[in-house]
Amino acid sequence: IKAGGRTPAQVAADVEKQLSSYIREPKVVVIITTLASHEYLSRVRITGAVTNPMSVTYRQGITVLDLVLAAGGTNEFASLSKAKLIRKTSDGKAHQYSVNLRDILFLGELDSNYELAPGDLVTVPERVF
């Protein structure tokens, strides 16, 4: 039974439903002891042509530029105009946003300097030579 993103009462109801074919009127209580997975879900990641691909704890207000700088910037092979922000929607589908790091870094144009959300992934592809 998947528990992530659900309340203890919702998980308990699912367990009760599953047990009902084996036990008459099961009663289940779910108690959260740690939120280890919450820490994992509350991270933002950057991969690809950056100096130091990494995963960092989400902080309110963190942007694509903040994450690129935390990763030590892009490397010499980066395709700056083809970076992507990948964000999972509530229904589990991934949505991609184009990020133009060239405009952000060299022109100061911040249109694609998106504010990040927990679980976001920024990927910087390498150029094709």
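In strand β4, the residue that bridges to L85 is Y97. Two strands count as paired if DSSP finds at least two bridges between them. Five residues sit between the strands of this hairpin, and G92 takes a positive phi near 90° there. As a bit of background, side chains in a regular strand alternate between the two faces of the sheet.

Before going on, a word on where the values come from. The model is predicted, so local features need pLDDT of at least 70 and side-chain atom pairs count only at pLDDT 80 or more, while totals for chains, interfaces and linings use all residues. Residues are numbered from 1 along each chain as its sequence is written, and side-chain values use heavy atoms, with hydrogens and water left out.

Stepping back to the whole chain, there are four helices and five strands, and their order along the sequence is α-α-β-β-α-β-β-α-β. The C-alpha trace spans about 65 × 25 × 25 Å along its principal axes. The chain has a radius of gyration of 20 Å, whereas a compact globule of 129 residues would come in near 14 Å. That radius is taken over C-alpha atoms, and the globule rule is 2.2 Å times the number of residues to the power 0.38. Buried residues account for 26% of the 129 in the chain; buried means under 20% relative accessible area, exposed means over 50%, and partly exposed is in between (1.4 Å probe, protein chains only).

The partners are R87 and D120, whose closest N and O atoms lie 2.6 Å apart. R87 is in β3 and D120 is in the loop between α4 (101-107) and β5 (121-124), so the pair ties together parts that are 33 residues apart in sequence. To count as a salt bridge, a side-chain nitrogen of Lys or Arg must be within 4 Å of a carboxyl oxygen of Asp or Glu. R87 is partly exposed at 22% relative accessible area, but D120 is buried at 1%.

Then there's the largest nonpolar core, with 21 residues, where L101 and L116 touch the most other members. Elements giving two or more residues to this core are β1 (43-48), α3 (64-70), β3, α4 and β5, and α3 supplies the largest share, four residues. Such a core is a set of buried Ala, Val, Leu, Ile, Met, Phe, Trp, Tyr and Cys residues joined through side-chain atoms within 4.5 Å. Beyond four places in sequence, the contacts of L116 include V44, Y58, L85 and R87, a contact being heavy atoms within 4.5 Å.

Y58 sits in the loop between β2 (54-57) and α3 and is partly exposed, at 23% relative accessibility. Among the residues it touches, again beyond four places in sequence, are V44, L116 and P118. Y58 and V44 are 14 residues apart along the chain, with 5.7 Å between their C-alpha atoms.

Finally, I1 lies in the segment before α1 (8-19) and is exposed, at 61% relative accessibility. Not counting residues up to four places away, I1 touches R6, D14, V15 and Q18.
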